[in-house]
Amino acid sequence: MSPRDDDRQPMVGRRAPLIDGIEKVSGKAQYTADFYHSDAYVGRLFRSPYAHAEIISVDVSKARALPGVIAVITGEDCDKPFGIIPIAQNEFPLSRDKVRYRGEPVAAVAAIDEASAEAALKLIDFKVKELPGYFTADEARAEGAILLHDDRPGNLEREVHSEFGDVDAGFHVADLVREETYDCAEVTHVHMEPHASLATYDVERDRVTLHSVTQVPYYLHKRVAQCMDMDESQVRVIKPFIGGGFGARTEALNFEIITCLLARSAGGTVRMKLSREETFLTHRGRPRTRVKMKIGMTKDGKMTACDCVVEQTGGAFAGYGIVTILYAGSLLNAIYDIPAVRYNGFRVYTNTPACGAMRGHGTVDVRHAFESVTDMMAEELGLDPFVVRRTNLLNAPIRTINDLEVTSYGLPECLDWVEEACGWKERVGKMPKGKGLGMACSHYVSGAAKPVHWTGEPHAVINLKLDFDGGITILTGASDIGQGSSTILAQVVGEVMKVDFDRLTVIANDSRITPKDNGSYSSRVTFMVGNAALEAAENLKAIMIEAAAGKLEVKPEEVECMGESYRIAGQQGSDIPYKEVVAAALVDTGTITVKGTFTVPKKFQGGKYHGAGVGPSMAYSYSTLAAEVTVDEITGRVIVDKIWVAHDVGYALNPLSVEGQVQGGVWMGMGQAISEETSYHEGLPITSNMLDYRVPTMVESPDIEVKIIESIDPNGPFGAKEASEGCLSGVVPAIANAVYNATGVRLFETPLTPERIVNGQIKLERLKKKQAAGGES
């Protein structure tokens with residue numbers, strides 16, 4: 001940022017509270033479930049009690065005849081499949097030919113009250129022919145297994161095979177080659193707000209308006225129109241306040257489309273509020289993932305090759321599966337200098353709720369395996385883990401072997417700060433029994449370089465409106481889901497225009513009013529929408545400077561914007577008040593609307609090989625983490641005492657919100673490391689509540705010390721890039737490495753539960769006794 005001769009606090013770089021914070025903490029914020037309509041019907045779902053079955057009949061005649069019931073719909077009311085990826089749409093809002101998981105919606109009811117709706121569900125007669133259920137990848141891929149989808153042989157949604165460099169030659173020259181297999185549990189998002197939607201159908205105009213909890217209003221808009229066989233101009237999607245997402249809401253979900261179908265069938269308004277259990281069933285979490293990781297390394301710690309095999313248990317439908325399995329392989333690169341990488345990935349259909357995108361999409365389990373094996377090899381070679389990471393640093397800017405462009409790279413600074421802050425050199429290996437330190441590194445994209453729907457339109461659009469009152473209205477389709485994106489957009493515009501928050505209003509997420517945006521996923525909003533806001537603000541400032549130049553009778557290039565005034569550059573006393581410049585700008589034009597757009601240049605959109613569209617980004621964030629843990633030697637319970645995290649965010653537009661996002665990512669990763677796991681019994685979810693699904697509470701939350709590293713990305717708005725996902729992937733291996741440091745036990749399954757740790761300790765003691773007796777190692 002350039003220095004100013006005024007005393008106004010800069011808008012970017014400021015520790016600014018979120019602009020919607022008052023509404024949230026005061027209870028004034030209205031979420032989808034808060035909207036009350038006296039004439040709204042109650043929507044309820046009839047869900048399959050079978051994990052896998054051919055549908056013989058769905059008889060809803062008794063339910064329709066029940067007093068108080070307005071409408072009942074089944075799969076016969078919608079023959080259009082949907083899904084986030086255009087080439088992988090194989091889910092129907094309500095099941096048609098067969099059911100593929102326990103809890104899949106089969107029918108839906110709209111009634112005048114909850115009692116009538118619940119009574120109607122009990123009257124639905126559902127007849128099926130049961131089929132074998134496949135709840136693991138091994139079962140689904142076994143010879144003779146019945147296909148969940150007829151067009152997917154072997155129950156494989158997608159398999160990916162790639163090799164960059166000569167992997168076999170890399171292993172040949174290595175002094176040490178290590179291969180290990182990790183089994184990482186399926187986890188889910190557990191956002192605070194359960195799913196809900198509210199749909200109103202206008203019978204006379206044949207239009208539908210949907211309020212919902214989505215992260216992707218544009219993609220939801222398209223799927224609603226598709227499934228209802230309506231022109232997209234007849235659909236309106238509004239996203240109110242949303243209580244978290246973390247990827248769970250980055251695609252159209254069945255209940256959202258069902259609510260719209262119900263509203264049309266009922267000829268009015270339908271309100272659908274899902275229970276916590278139903279929210280778990282809707283899922284879209286991180287899939288159970290088996291990772292076989294093989295790394296070659298020279299005696300000085302230089303990596304020579306990597307061979308990775310990933311198998312993901314994806315659930316019943318495609319969802320984001322194609323993208324997830326590609327991310328798992330592509331982001332093996334762009335963090336370390338590895339000359340050769342081979343990847344084989346398999347995404348498998350199973351009779352469980354569909355998985356999807358979750359914070360750190362596609363990268364978390366693979367990064368856990370990579371960082372864990374790297375630590376094991378460092379120990380075998382007698383090298384410090386920090387030294388090994390430094391030995392393999394990239395020399396940015398660089399284009400990786402799989403065509404990812406790295407333009408800013410703060411990982412060296414991250415390593416330096418964490419090593420010193422945690423006292424690594426002084427403490428590791430010298431701590432009391434049961435206490436340990438571990439470290440790891442991670443990274444992530446700043447938005448996918450290629451959108452899900454490739455239309456040729458810009459990746460992001462911002463409209464700014466300036467009117468007689470002097471207020472600047474920022475119109476955006478980007479979803480603020482709690483991460484503070486609306487605040488960031490206001491800061492970017494305010495910085496360019498040199499005005500404060502009191503001149504700015506953000507209006508977001510109403511498809512009738514705001515420009516289309518692809519949504520909040522893959523950490524794209526700050527980078528892409530921020531750049532669009534920057535361009536829009538520059539365009540508006542140019543108009544204001546031209547108007548000021550007319551009043552000052554000078555050339556526009558001689559005018560200096562001071563925010564609340566404009567003046568001849570360097571001339572004190574020549575100031576014209578902001579409102580006068582606004583009035584001059586409105587002459588002959590009236591209300592001013594300007595636009596800013598952003599599109600990722602082709603250089604950053606990846607290579608030409610199959611699957612190259614997933615992984616490329618204009619910028620990557622980098623993190624180093626250290627974890628200090630205490631492990632109870634009797635119970636095996638892990639207590640995370642402290643986390644140190646340095647995160648390269650390019651430039652912190654709002655350090656307050658950046659720190660909050662980093663802390664949230666660390667906390668989420670800690671849950672996956674020590675306690676979180678979805679479980680099923682023959683397809684029946686048995687952890688679909690807040691008691692059995694073990695999310696860490698404030699009691700388990702450690703002190704998290706955050707250091708913001710600013711590498712100033714050349715393409716980000718004011719140098720900014722991703723801030724909320726990159727650190728998560730490093731948390732799991734940092735804690736696992738710390739547990740090993742404390743106990744000597746290496747676990748190859750997550751979460752690191754007390755039972756697994758105790759069993760590991762028992763095996764370790766037996767091994768030590770056997771070695772002492774002269775047995776095999």
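The side chains of R347 and Q312 are joined by a polar contact of 2.9 Å. This briefing rests on a predicted model. It treats R347, which lies in strand 15, and N654, which is placed in the loop between strand 27 and helix 17. It then turns to the packing of helix 14 with helix 15 and of helix 17 with helix 18.

**R347 in strand 15**

- Strand 15, spanning residues 341–349, contains R347.
- R347 counts as buried because its relative accessibility is 0%, the cut-off for buried being under 20%.
- Leaving aside residues up to four places away in sequence, R347 touches N155, L156, E157, R158, P287, Q312, G314, G321, T324, I325, C355 and G356.
- Q312, one of these neighbours, is also the partner of R347 in the side-chain polar contact of 2.9 Å.

- N654 is found in the loop between strand 27 (638–648) and helix 17 (655–674).
- With a relative accessibility of 0%, N654 is likewise classed as buried.
- The side chain of N654 forms a polar contact of 3.1 Å with the side chain of Q491.
- Apart from residues up to four places away in sequence, N654 touches R14, R15, A16, T487, I488 and Q491.

**Helix 14 with helix 15**

- The axes of helix 14 (residues 485–497) and helix 15 (residues 525–552) come within 8 Å of each other and cross at roughly 30°.
- Helix 14 is therefore roughly parallel to helix 15, since angles under 35 degrees fall in that class.
- The crossing of helix 14 with helix 15 is right-handed.
- On the side of helix 14, the residues in contact are S485, I488, L489, V492, V493, V496 and M497; helix 15 contributes V525, T526, V529, G530, A533, L534, A537, E538, L540, K541 and M544.
- By class, the residues of this contact comprise 13 nonpolar, three polar and two charged.
- I488 of helix 14 takes part in the contact with helix 15 and also touches N654.

**Helix 17 with helix 18**

- Helix 17 packs against helix 18 (residues 728–743) at an angle of about 45°, with the axes 8 Å apart.
- This angle makes helix 17 oblique to helix 18.
- Helix 17 passes helix 18 in a crossing that is right-handed.
- Helix 17 supplies G665, V666, M668, G669, M670, Q672, A673 and I674 to the contact, and helix 18 supplies L728, V731, V732 and I735.
- The contact residues of helix 17 and helix 18 divide into nine nonpolar and three polar, with no charged residue.

Methods
Residues are numbered from 1 along each chain as its sequence is written. This is a predicted model: local features need pLDDT of at least 70, side-chain atom pairs count only at pLDDT 80 or more; totals for chains, interfaces and linings use all residues. Side-chain values use heavy atoms; hydrogens and water are left out. Axes are lines fitted to C-alpha atoms, for helices over the stretch in contact, and angles run from 0 to 180 degrees between N-to-C directions. Helices (H or I, at least four residues) and strands (E, at least two) are DSSP runs, numbered from the N terminus. Angles under 35 degrees count as roughly parallel, over 145 as roughly antiparallel, 65 to 115 as roughly perpendicular and the rest as oblique. A crossing is left-handed if the near helix is turned anticlockwise from the far one by less than a right angle, and right-handed if clockwise. Contact means heavy atoms within 4.5 Å. Ala, Val, Leu, Ile, Met, Phe, Trp, Tyr, Cys and Pro count as nonpolar, Asp, Glu, Lys and Arg as charged, and the others, Gly among them, as polar. Buried means under 20% relative accessible area, exposed over 50%, partly exposed in between (1.4 Å probe, protein chains only). A polar contact is a pair of N or O atoms within 3.5 Å; within protein, one must be able to donate a hydrogen and the other to accept it, and residues adjacent in sequence count only if both atoms are side-chain atoms.
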